[in-house]
Amino acid sequence: MSVKLFEKIISDLKNYQGIIGLFLQFESLLDERLFDFIKLAKTTKASVEISTNGILLKEKGKELKKSEINRIYFNYGGIKYGGVPTSIIDDVNEFARGFPIRINYPILKEDDISNLFPGLKIDKFWTSNRGKNVDVVHNHKTKFSARKCHQTLNIVANGDMILCCNDYMRENIFGNAKDDNILKIWQNIPKHFNYSICHKCL
């Protein structure tokens with residue numbers, strides 16, 4: 001996303017008191033502009049958060065703590081299923097001392113990882129099929145599968161506003177952040193759940 005577009009989005013959200021998540025289907029810490037974006041987002045009244053696989057946490061941890069970010073989500077699923085080295089667990093626990101970090105743990109079978117992250121909040125949920133775009137090997141309902149699963153405001157790099165984080169194929173685009181105030185676009189969306197993709201999402 002261009003800086004110009006991000007600045008426009010933040011301007012639209014100047015009085016917003018919810019959550020601004022600087023992540024959507026990508027690794028937050030790979031963007032060299034992240035700390036500038038956090039600083040801009042902190043000019044609003046919102047809580048500013050990122051999600052990370054933790055690979056760069058040791059390298060960028062000190063700057064993160066200085067950035068006044070409100071919360072960091074660490075995605076443990078990538079480690080569990082071969083995505084990143086398990087040594088990162090130590091980096092996460094070290095970073096989490098006195099800092100608000102939560103563990104996102106998508107699972108394929110029941111198990112317990114609380115011993116790996118003592119004292120940390122673990123958000124455990126069944127792995128989603130991403131709107132039937134990937135195969136999963138369980139038959140449990142995920143947090144995305146119920147009809148009451150409400151859309152959040154998701155904006156991709158070109159400004160398109162998509163249904164949700166599981167809409168990988170961009171099946172539902174409701175407008176573009178370049179064209180109008182994003183809160184106005186959001187308010188004009190006829191409904192925020194129960195689309196066709198929602199019925200495929202496990």
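Predicted model: local features only at pLDDT ≥ 70, side-chain atom pairs only at ≥ 80, totals over all residues.

Q: Over how many bridges does S4 pair with strand S3, and over how many with strand S5?

A: Strand S3 (residues 71-75) is joined to S4 over four bridges, in the parallel sense. Between S4 and strand S5 (residues 121-126) there are six bridges, again in the parallel sense. Individual residues can be followed across these pairings: isoleucine 72 has isoleucine 101 in S4 as its bridge partner, and tyrosine 105 has lysine 124 in S5. On the other pairing of S3, strand S2 (residues 47-52) contributes four parallel bridges, and isoleucine 50 stands opposite isoleucine 72.

Q: Why is strand S4 described as largely enclosed by the rest of the structure?

A: The reasoning rests on burial, with buried meaning under 20% relative accessible area. Five of the seven residues of S4 (residues 101-107) are buried, so this strand is largely enclosed by the rest of the structure.

Q: Which residues of helix H5 are buried, and where do they lie around the axis?

A: In helix H5 (residues 88-95), the buried residues are Ile88, Ile89, Asp91, Val92 and Phe95. Because they cover an arc of only 160° around the axis, they lie on the same side of H5.

Q: Which residues touch the most other members of the largest nonpolar core?

A: A nonpolar core joins buried residues through side-chain atoms within 4.5 Å. The largest one here has 43 residues, and Leu22, Leu64, Val92, Ile103 and Phe117 touch the most other members. Helix H2 (residues 34-41) supplies the largest share of this core, five residues. Apart from this core lies another, of six residues, including Cys164, Ile189, Tyr195 and Cys198.

Q: What does leucine 22 touch?

A: Leaving aside residues up to four places away in sequence, leucine 22 touches Phe6, Ser28, Leu34, Phe37, Ile38, Val48, Glu49 and Ile50.

Notes
Residues numbered from 1 in each chain as written. Heavy atoms only, no water. Buried < 20%, exposed > 50% of the residue type's maximum accessible area, 1.4 Å probe, protein only. Helix = DSSP H or I, 4+ residues; strand = E, 2+ residues; numbered from the N terminus. Pairing = 2+ DSSP bridges. Arc of directions from axis to C-beta. Contact = heavy atoms within 4.5 Å.
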